[in-house]
Amino acid sequence: MKKVWQVVIVDIHPTSMLGTKLILEEQQDLSVRGMTSTGTEGLDLVSLHKPDLILMDYRLPEGQADQYISRIKELSKDTHVIILTDEDNVKLFRHLMALGASGMLSKQASPSQLIHLISGLREGYVSIPLSWLDSAEWGQPSEPPSEQYAVELTETETFIMERIVQGVTYDKIASEINVSRRSIDNYLRKIYVKLDVSSRAQAIERYALHARQSKTVS
């Protein structure tokens, strides 16, 4: 008998969330352990249940789901994250997968497509629409990091990254700019999204690379 996968649903639409719950629980090997409409409460549910799967709406009250994917993986590294979105395109799929997601599904997908995607994950496979293979974007190589990443950071975000690269602790940085330690975490989440990374090490590597490139250009 298959292991029963524990599932958490994060969706801003209560009716849709309930419908998804009913679809999942028609399967004997899926059990919904919690539901919420906010990313913050979703993180709490992940921390509490360590679910096998979390279905997350791409657009949440606090912003896009990007900022939560890496945090979910930090709380529960084996949890699969499927993003539910209206923006069904290859570029977004690649972006979400780079952040640590295990799949993306259109909100217009049928119940059988949802179950098929989950079944694939159980076997170690990611499912994508066949139409994507004919997309011009699918055949294009991933875009290399752009110099715009460093430019897009605010003055405070740039200062924080410079200090992190220098090895300064988060608590020390917080005291230097007179904010709370929690505020530094908030800044870092925004920085990770802008740099398109999911970890501190990746952020340092990406920022240092473009800092060197900027000096070379100037």
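## Helix packing and sheet order in a predicted model

Helix H7 (residues 155-165) packs against helix H9 (residues 181-195) at an angle of about 95 degrees, and their axes are 10 Å apart. That angle makes H7 roughly perpendicular to H9. H7 brings Thr156, Glu157, Ile160, Met161 and Ile164 to the contact, while H9 brings Ile184, Tyr187, Leu188, Lys190, Ile191 and Lys194. Sorted by class, the residues in the contact of H7 with H9 are seven nonpolar, one polar and three charged. The structure described here is a predicted model.

**The chain as a whole**

The protein chain contains 10 helices and seven strands. It has 218 residues, of which 41% count as buried. Among contacts in the protein chain with a separation of 6 or more, 64% are between residues 24 or more positions apart.

**A second helix pair**

Two packed helices are described by the angle between their axes and the distance between the axes. Helix H1 (residues 14-25) and helix H5 (residues 111-122) can be described in this way: the angle is about 60 degrees and the axes are 10 Å apart. H1 and H5 are therefore oblique to each other. The crossing of H1 past H5 is right-handed. On the H1 side the contact is made by Thr20, Ile23 and Leu24, and on the H5 side by Pro111, Leu114, Ile115 and Ile118. Six of the residues in the contact of H1 with H5 are nonpolar, one is polar and none is charged.

| Helix pair | Angle | Distance between axes |
|---|---|---|
| H7 and H9 | about 95 degrees | 10 Å |
| H1 and H5 | about 60 degrees | 10 Å |

**The sheet**

In what order do the five strands of the open sheet lie? The order is E2-E1-E3-E6-E7, and the pairing is parallel. Strand E2 (30-36) and strand E7 (103-106) are the edge strands, each pairing on one side only. From one strand to the next, the twist averages 25 degrees.

The pairings can be followed across the sheet. Strand E1 (residues 5-10) runs parallel to E2 and is joined to E2 by six bridges. In this pairing Val7 stands opposite Val32 of E2. E1 also pairs with E3 in the parallel sense, over four bridges, and here the bridge partner of Val7 is Leu53 in E3. E3 in turn pairs with E6 in the parallel sense over five bridges, and Met56 has Ile83 of E6 as its bridge partner.

Is strand E3 enclosed or open to the outside? Five of the five residues of E3 are buried, so E3 is largely enclosed by the rest of the structure. Leu53, Leu55 and Asp57 point one way from E3, whereas Ile54 and Met56 point the other way; all are buried.

**Helices on the sheet**

Helix H4 (residues 90-99) lies across E6 and E7 and runs at about 145 degrees to E7. Another helix, H2 (residues 39-49), holds Val46. With 0% relative accessibility, Val46 counts as buried. Leaving aside residues up to four places away in sequence, Val46 touches Pro51, Ile54, Ile72, Leu75 and Ser76. One of these, Ile72, is 26 residues from Val46 in sequence, and the two are 6.8 Å apart in space, C-alpha to C-alpha.

Most residues other than glycine have a negative phi, and most peptide bonds are trans. Lys50 sits in the loop between H2 and E3. Its relative accessible area is 42%, so Lys50 is partly exposed.

Asn178 also is a residue other than glycine with a positive phi, near 60 degrees. The loop that holds Asn178 is between helix H8 (170-176) and H9. Asn178 has 70% relative accessibility and therefore counts as exposed, the cut-off for which is over 50%.

Methods. Residues are numbered from 1 along each chain as its sequence is written. This is a predicted model: local features need pLDDT of at least 70, side-chain atom pairs count only at pLDDT 80 or more; totals for chains, interfaces and linings use all residues. Side-chain values use heavy atoms; hydrogens and water are left out. Two strands pair if DSSP finds at least two bridges between them. Helices (H or I, at least four residues) and strands (E, at least two) are DSSP runs, numbered from the N terminus. Axes are lines fitted to C-alpha atoms, for helices over the stretch in contact, and angles run from 0 to 180 degrees between N-to-C directions. Contact means heavy atoms within 4.5 Å. Angles under 35 degrees count as roughly parallel, over 145 as roughly antiparallel, 65 to 115 as roughly perpendicular and the rest as oblique. A crossing is left-handed if the near helix is turned anticlockwise from the far one by less than a right angle, and right-handed if clockwise. Ala, Val, Leu, Ile, Met, Phe, Trp, Tyr, Cys and Pro count as nonpolar, Asp, Glu, Lys and Arg as charged, and the others, Gly among them, as polar. Buried means under 20% relative accessible area, exposed over 50%, partly exposed in between (1.4 Å probe, protein chains only).
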